[in-house]
Amino acid sequence: MKRTFILITFTGVLAKVICAPVDVQPCNEEDSECLTKLTKLIYPSAITGDDKLGIPSSDPMKQEFVEGKFNTLTYTLTDSTLKGFKDCQIESTTAITDQNSVEFKMVCPKFEMTGHYSANGKILETDIKGDGEYRLDATDVYITITAEIKKTPRDNGKSILSFEKFKVKPKVRGVVKIDLSNLFGGDKSLADPVLKMLNENWPIFVEELQGPIFDANVGKMRNSFNKFLELITSDNILKP
């Protein structure tokens, strides 16, 4: 079936480009165990990237701009650096053939993100206003990524693959720590109680507010992976 290319090509591409020599055996689309094994083999090198090919590392990841707009709060994160993707472990990989998609489930021990923030609004009915440096730490993060696959024909009659639309469902099973400098213009009498509230009550609001951050970071990682996918045609590793 044509949909067999969904993950086989993805993993094979990365293996041939950045992991060679690696003994990669193609999988049937129904074989989730095989697909998971291949993804586990490829993921660490895919995150590392390759400077010679112009593909940046996804760890650390530079993120220029993230914006979150909600009913009671607006925030921006700029000039950010994210660390943690390199330590994530693939838990499962499943091809969703009727949707031409693939689903990855992964566990990440820790994320650390730093940079500049600006925030204005309310969190849990508490005023928050600031513009300064920030640090976010999260432990034991469970992530599900579902990505659509596009097959694009080339002039030579061959095809390449790319990850297109995607959905990210993160779940923090550990702890989130938040540090924001210059809250309320540096007035500690106002800032300290708010920081205390944020760090004590993060499970209530983080799930809602984290969406733009994960979308931006996974989107940037996807773009790097797609550069690898341009380097080889899908028929090189399809299982008959």
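**Figure 1. The whole chain at a glance.** Helices and strands here are DSSP runs, with at least four residues (H or I) for a helix and at least two (E) for a strand, and they are numbered from the N terminus. Welcome to this structure, which is a predicted model. The chain has four helices and seven strands. Starting at the N terminus, the order of its elements is α-α-β-β-β-β-β-β-β-α-α. The chain holds 240 residues, and 46% of them are buried. Its accessible surface is about 12,600 Å², with 51% of that belonging to carbon and sulfur atoms. Among contacts with a separation of 6 or more, 69% are between residues 24 or more positions apart.

Figure 2. A pair of aromatic rings is described by the distance of the centres and the angle of the planes. The structure contains four aromatic pairs. For F85 and F111, the ring centres are 5.1 Å apart and the planes meet at 75°; because planes over 60 degrees apart count as edge-to-face, this pair is edge-to-face. The two residues come from distant parts of the chain, 26 residues apart: F85 sits in the loop between β2 (73–83) and β3 (89–96), while F111 belongs to strand β4 (residues 101–123). F85 and F111 are both buried. Ring pairs also bring in F214, giving a cluster of F85, F111 and F214.

**Figure 3. A tilted pair, F104 and F163.** How are the rings of F104 and F163 placed, centre to centre and between the planes? Their centres are 6.3 Å apart and there are 50° between the planes, which makes the aromatic pair tilted. F104 is part of strand β4 and F163 of strand β6 (residues 159–172), so this pair ties together parts 59 residues apart in sequence.

**Figure 4. The disulfide of C88 and C108.** A disulfide is a covalent bond between the sulfur atoms of two cysteines. This structure has one disulfide. It is formed by C88 and C108, whose sulfur atoms are 2.1 Å apart. The link of C88 and C108 is right-handed, with 110° about the S-S bond. C88 is found in the loop between β2 and β3 and C108 in strand β4, so the pair ties together parts that are 20 residues apart in sequence. Both C88 and C108 are buried.

Figure 5. In soluble globular proteins, nonpolar side chains tend to be buried together. The largest nonpolar core has 46 residues, and the members that touch the most others are F85, F111, I143, L180 and L198. Helix α3 (residues 188–209) gives the most to this core, contributing nine residues. Another core, of seven residues, lies apart from it; among its members are F104, A147, F163 and L229. Returning to F85, its contacts beyond four places in sequence are Y43, I47, S58, D59, M61, F111, N217, V218 and M221.

**Figure 6. S224 in its helix.** Is S224 buried or exposed? S224 has a relative accessible area of 7%, so S224 is buried. S224 is placed in helix α4 (residues 211–229). Setting aside neighbours within four places in sequence, its contacts are I55, P56 and S58.

**Figure 7. Salt bridges across the structure.** Side chains of opposite charge can pair when their charged atoms come close. The whole structure has 10 salt bridges. One of them joins the side chains of D87 and K86 at 3.4 Å, N to O. D87 is partly exposed, at 38% relative accessible area. In another, D140 pairs with R173, with 3.5 Å between the closest N and O atoms. D140 lies in strand β5 (residues 126–153) and R173 in the loop between β6 and β7 (176–180), so this pair ties together parts 33 residues apart in sequence. Relative accessibility is 29% for D140 and 45% for R173, so D140 counts as partly exposed and so does R173.

**Figure 8. The salt bridge of K171 and E207.** K171 and E207 form a salt bridge in which the closest N and O atoms are 3.9 Å apart. With K171 in strand β6 and E207 in helix α3, the pair ties together parts that are 36 residues apart in sequence. K171 is partly exposed, with a relative accessible area of 44%, whereas E207 is exposed, with 54%.

Note on methods. Residues numbered from 1 in each chain as written. Predicted model: local features only at pLDDT ≥ 70, side-chain atom pairs only at ≥ 80, totals over all residues. Heavy atoms only, no water. Buried < 20%, exposed > 50% of the residue type's maximum accessible area, 1.4 Å probe, protein only. Contact = heavy atoms within 4.5 Å. Areas by Shrake-Rupley, 256 points an atom, 1.4 Å probe, with all protein chains shown as cover. Phe/Tyr/Trp six-rings, centres within 6.5 Å; stacked < 30°, edge-to-face > 60°. Disulfide = S-S within 2.5 Å. Core = buried A, V, L, I, M, F, W, Y, C linked by side-chain atoms within 4.5 Å. Salt bridge = Lys/Arg side-chain N within 4 Å of Asp/Glu carboxyl O.
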